[in-house]
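Reader: Please take me through one part of this model in close detail. I would like the metal site and its surroundings.

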Amino acid sequence: MFSRAAYTTGTRAFRAPSFAQGRMASTQAGPGPFGADRKAAIAWFTKAAAGSAILGYGVSNYIATDERIAPLSKALSDSVNALQKKADDLGLKLPFTVAHAFSTADHGLHPPHYPWDHYKPWKTYDHASIRRGFQVYKEVCSACHSMEYIHYRNLVGVSHTEAEAKELAAEYEYKDGPNDVGEMFMRPGKLTDAMPAPYPNEEAARAANGGAYPPDLSCIVRARHGEEDYIFSLLLGYCDPPAGVTVREGLHYNPYFPGGAIAMARALYDEVCEYDDGTPNNASQLAKDVTTFLSWASYPEHDERKKMGLKTLAISTMLLGLSVWWKRFKWSYIKSRKIVYKPGKFDEV
Ligand code: HEC
């Protein structure tokens with residue numbers, strides 16, 4: 001360790017504050033900005049408050065009325081918009097941005113967040129729910145919606161056994177061929193077939209649904225803002241339109257759907273499916289199950305991803321421990337080295 005040749009200690013004088021001056025004189029009363037004394041100031045503030053309240057009431061009710069302000073604020077926002085557009089055209093960035101009014105009617109009601117089991121970091125999908133959800137899709141949604149990226153083989157080991165999936169596939173006839181005389185033929189479905197599409201093409205689907213296209217549900221959870229919460233809310237969100245809202249013939253009011261009017265009628269009611277596992281089949285249970293199934297269809301790698309994540313965390317924790325030990329081992333010589341400094345004889349220099 002370093003040792004100092006000479007070491008001096010100085011005593012620092014402790015200077016206590018002097019109270020000799022005595023207390024400061026209290027603030028003196030005198031003519032202030034609001035009157036000669038306290039009383040006058042209070043009277044001044046009272047009059048000012050009453051006066052501005054009366055003035056504010058008068059201005060907001062008789063002068064700055066909505067009818068008078070609306071054209072002004074429109075003119076202002078028009079000119080700001082025009083300025084923004086000019087700046088955009090010129091490639092300039094303005095120091096402010098134009099805010100656009102947000103309406104829940106245009107963008108859809110924001111769905112609440114539901115406690116999905118598989119949102120918890122250590123949970124996989126509820127596979128019994130996926131199985132029931134597939135049943136709901138098959139019995140209800142598949143009348144209008146395709147799932148062209150989901151094949152029967154994808155169900156194996158997820159919601160069904162191989163034998164069950166083969167049986168499900170064989171319920172439908174698929175066009176195949178050509179055979180050795182060049183003809184197309186129908187054959188029962190196999191594991192490699194996708195879910196059967198209800199319509200041969202988009203035009204047929206639109207024609208059957210009043211011009212609206214029932215989207216393919218393979219990736220629908222990924223494809224919608226709000227994901228599971230949105231699909232679940234949408235399926236159960238049907239209600240009477242509020243006063244003043246009229247919905248066009250053939251459309252249905254649903255506040256969660258952007259615009260509020262959806263071409264899909266309510267599909268899920270209590271007891272439209274019969275579950276074999278004894279789970280209650282009310283509409284919200286059906287909606288939860290079909291949403292879980294659609295979520296799996298969108299994120300089939302979900303369970304594997306979480307398992308990999310846990311393994312990564314476990315292995316990297318071990319590696320971190322090991323590397324801390326290794327670092328301390330390698331540095332121990334340097335860290336425990338003792339440096340001794342022997343000063344020369346300064347007096348003689
Ligand atoms: C009678 C036919 C029909 C049935 C049955 C049906 N849908 Fe639809 N679905 C439609 C149509 C048509 C649309 C397009 C609506 C639109 O664009 O206005 C649609 C749209 C959707 C959308 C997309 C909404 C959006 O944000 O664009 C989802 C999700 C959906 N359906 C889920 C389901 C589910 C889940 C089921 C089964 C429980 C189901 N549908 C049953 C006809 C149907």
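**The iron site**

Author: In this predicted model, the iron atom of the ligand has two protein donors, H145 through NE2 and M264 through SD, lying 2.0 Å from it. The site has 6 donor atoms. The angles among them run from 86 to 177°, and the geometry is octahedral.

Take the positions of the two residues next. H145 sits in the loop between α4 (127–139) and α5 (152–155), and M264 in the loop between β4 (261–262) and α10 (283–298), so the pair ties together parts that are 119 residues apart in sequence.

M264 has a relative accessible area of 25% and is partly exposed.

Now the contacts, leaving out residues up to four places away in sequence. H145 touches Y137, P198, P214, P215, L217 and M264. M264 touches H145, L234, L235, Y238 and H252.

An unreviewed UniProt entry places the feature "binding site" at C141, C144, H145 and M264. These positions are spread over 124 residues of sequence, yet they cluster in space, with a largest C-alpha distance of 10.7 Å. From this set, C141, C144, H145 and M264 belong to the lining of the largest pocket.

Conventions:
Residues numbered from 1 in each chain as written. Predicted model: local features only at pLDDT ≥ 70, side-chain atom pairs only at ≥ 80, totals over all residues. Heavy atoms only, no water. Donors = N, O, S within 2.8 Å, 3.2 Å for Na, K, Ca; no water. Tetrahedral: all angles 85-135°; square planar, octahedral: opposite > 155°, others 65-115°. Helix = DSSP H or I, 4+ residues; strand = E, 2+ residues; numbered from the N terminus. Buried < 20%, exposed > 50% of the residue type's maximum accessible area, 1.4 Å probe, protein only. Contact = heavy atoms within 4.5 Å. UniProt positions renumbered as here; feature names shortened; annotations may be inferred. 1 Å grid on protein atoms, 1.4 Å probe; cavity = no way out; pocket = protein on both sides within 12 Å on 5 of 7 lines; lining within 4 Å.
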